[in-house]
Amino acid sequence: MIATQTPLHKFHIPVMGLGFTVDSPIKIAQYGISSAVSIMDDHLLEDIRRIYCRKLKISYLYIDEKEEDYRAKRVKAYLNLLHHAVENQIQELKQQDFERDEAINQYFELLPEEHHLFQLYKKLPFVSEPEKVEIKKTLQEAIVPGSIDVNIMTKVDKMNFDSNGVELPREYSDALSALRGFAESDLKSAVVFSAGLNPALYSYIEQFPDFFPNDKGEFKKRVILKVSDYRSALIQGRFMAKKGIWISEFRVESGLNCGGHAFATDGFLVGPILEEFKTNRETLRETLLTGCQQALQQKRLPLLPENIKPKITYQGGIGNAEENSFLMEYYQLDGTGWGSPFLLVPEATSVDKDTLDRLVRSKKSDYYLSHASPLGVPFNNLRISSGEEQRIARIDKNRPGSPCYKKFLTFSKEFSDKAICTASREYQNLKSKQYNAGEVTDRELNEVLEKDCLCEGLSAPAILNAGETPRRNLSAVTICPGPNLAYFKGVFSLKEMVGHIYGKFNINLDAERPHVFIKELQLYMQYLKDEMGKALPESSQKFDTYIEKFKRNLETGIEYYNELTDAVSLGKEEVTKIIKEQLNAILLELQGTTFIV
């Protein structure tokens with residue numbers, strides 16, 4: 001079994017969609033780069049397992065939906081495939097020759113210049129033969145894979161039924177089944193929980209020994225929480241600690257400057273949020289450690305080492321090495337996440353050629369925050385995707401909505417006791433009938449018609465990229481890039497993108513790209529305007545209070561950034577000057593009469 005050690009790289013690739021990172025570990029874990037795989041769509045995992053079994057010449061036995069606990073079995077089988085494929089890659093890599101083979105050289109060339117292994121590798125051409133032999137041996141022994149992490153979106157947790165329509169026990173729900181598949185797999189890695197606290201899911205972790213420390217204080221399975229702020233980290237961390245579950249990492253993600261679903265805060269900006277983590281890091285550690293140790297003691301399990309610390313990382317809208325370094329150093333982060341830019345790196349992600357071409361030719365105006373998600377959560381979208389074209393074409397043909405086969409997002413019981421998906425043809429047809437009867441407004445209907453089938457659209461690219469056709473020929477792709485991707489143009493190699501992160505290579509970004517802090521602030525300003533546009537003539541006191549609170553939080557954030565730019569350098573003098581000017585302009589806009597409720 002591979003024991004994933006301290007990661008060589010200080011960045012990771014977060015989960016993207018259902019299919020964009022589904023096989024990323026096979027592509028980049030051999031280079032020590034960690035990534036996350038969504039395990040929500042067992043149909044996709046089974047299809048990709050079949051494809052890779054053929055490619056790797058491994059025997060494949062189909063796991064039928066009629067089998068008991070088929071969903072967990074599919075997840076487990078796919079993760080075991082990833083584990084053993086990467087294990088074989090690492091063994092092969094360790095046997096490679098530095099003079100003859102490319103992959104082993106790429107492994108060390110990707111490292112940041114300050115890494116001791118990179119510096120050792122660069123000595124090879126200049127040392128004597130005996131010393132060269134020793135250095136090569138040291139380097140080969142240091143080769144470890146990136147972590148093959150998995151992602152569970154906690155809100156996607158539909159209850160399931162047997163063939164007779166009888167509801168199955170709670171542990172057979174979508175999220176709990178996915179967790180069980182991961183927990184029973186051979187992986188030594190982490191599950192990333194995103195989208196907030198799910199008590200049933202979090203409580204279920206206790207059933208699996210791999211999530212508890214062994215006698216050495218080590219874990220086979222770790223827990224990572226994706227959070228939007230410190231309060232969320234503390235609440236969820238405490239919930240887990242009471243069960244003896246340690247949070248190995250808090251992944252702070254921007255509420256709006258990110259890909260996929262956007263969980264906006266009430267105007268709290270990432271700078272002040274990271275400052276709060278920095279200030280309260282020890283308090284957070286002590287609080288969670290105390291709770292964990294008490295629970296472990298009660299369970300008569302090995303205790304955690306007293307010096308254990310949760311990692312704090314940030315992801316969302318980072319665009320260059322300068323921003324990356326500032327965030328790492330000033331906020332004392334343990335790492336950063338780079339997602340959307342890797343959609344332009346075929347060596348790292350699975351994006352079909354048509355969608356890749358659309359991304360390359362896209363304009364900034366093509367990136368927008370949509371109502372496409374049936375979850376009812378704002379969703380970052382691309383106007384020129386084939387998925388959007390298909391959605392609009394169906395409306396034009398008076399056949400809105402999608403056929404609903406996978407049913408992962410069937411949560412609406414508006415029309416019957418049986419839940420259906422708001423992106424489905426059935427739901428949208430019923431809503432259209434309500435509109436024709438004068439029961440819903442134009443705006444309400446349009447918001448429903450904007451819903452898209454994410455189950456098919458977010459999984460299709462992985463199948464298409466593998467040279468196959470998705471089931472039922474549903475080939476339209478929905479892509480969910482963060483707004484930051486609008487400033488990247490072109491297709492890049494893995495070496496170029498990783499070099500860009502570390503400042504070893506410079507990708508020329510759009511000259512109009514604002515600093516990561518400013519871009520998020522601009523997105524929140526637009527979000528505030530959109531929220532205010534929803535106000536009724538006789539808006540409620542609750543709504544007025546929400547808007548005022550939002551504005552105050554933005555003003556506090558702007559004040560924080562002004563003080564920060566006075567105290568430390570965010571980059572070149574010219575960059576700081578532009579940031580100051582943009583902050584002042586946004587503050588004036590925020591205080592303008594157009595924002596009086």
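The entries below go from the whole chain to one residue.

**Ground rules.** I am working with a predicted model, where local features need pLDDT of at least 70, side-chain atom pairs count only at pLDDT 80 or more, and totals for chains, interfaces and linings use all residues. Residues are numbered from 1 along each chain as its sequence is written, and side-chain values use heavy atoms, with hydrogens and water left out.

**Whole chain.** I found 22 helices and 10 strands (DSSP runs, H or I of at least four residues and E of at least two, numbered from the N terminus). For 597 residues a compact globule would have a radius of gyration near 25 Å, and the chain's 24 Å agrees (taken over C-alpha atoms; the rule is 2.2 Å times the number of residues to the power 0.38). Buried residues (under 20% relative accessible area, 1.4 Å probe, protein chains only) make up 56% of the 597.

**Helix pair.** I then turned to H21 (residues 541–567) and H22 (residues 573–590), which pack at about 160° with axes 10 Å apart (lines fitted to C-alpha atoms over the stretch in contact, angles from 0 to 180 degrees between N-to-C directions). H21 and H22 are therefore roughly antiparallel (over 145 degrees).

**One residue.** I looked up Asp174, which sits in helix H7 (residues 174–183). Asp174 is buried, at 2% relative accessible area. Beyond its neighbours within four places in sequence, Asp174 has contacts (heavy atoms within 4.5 Å) that include Arg71, Lys158 and Phe408.

How values were computed
Angles under 35 degrees count as roughly parallel, over 145 as roughly antiparallel, 65 to 115 as roughly perpendicular and the rest as oblique. Buried means under 20% relative accessible area, exposed over 50%, partly exposed in between (1.4 Å probe, protein chains only).
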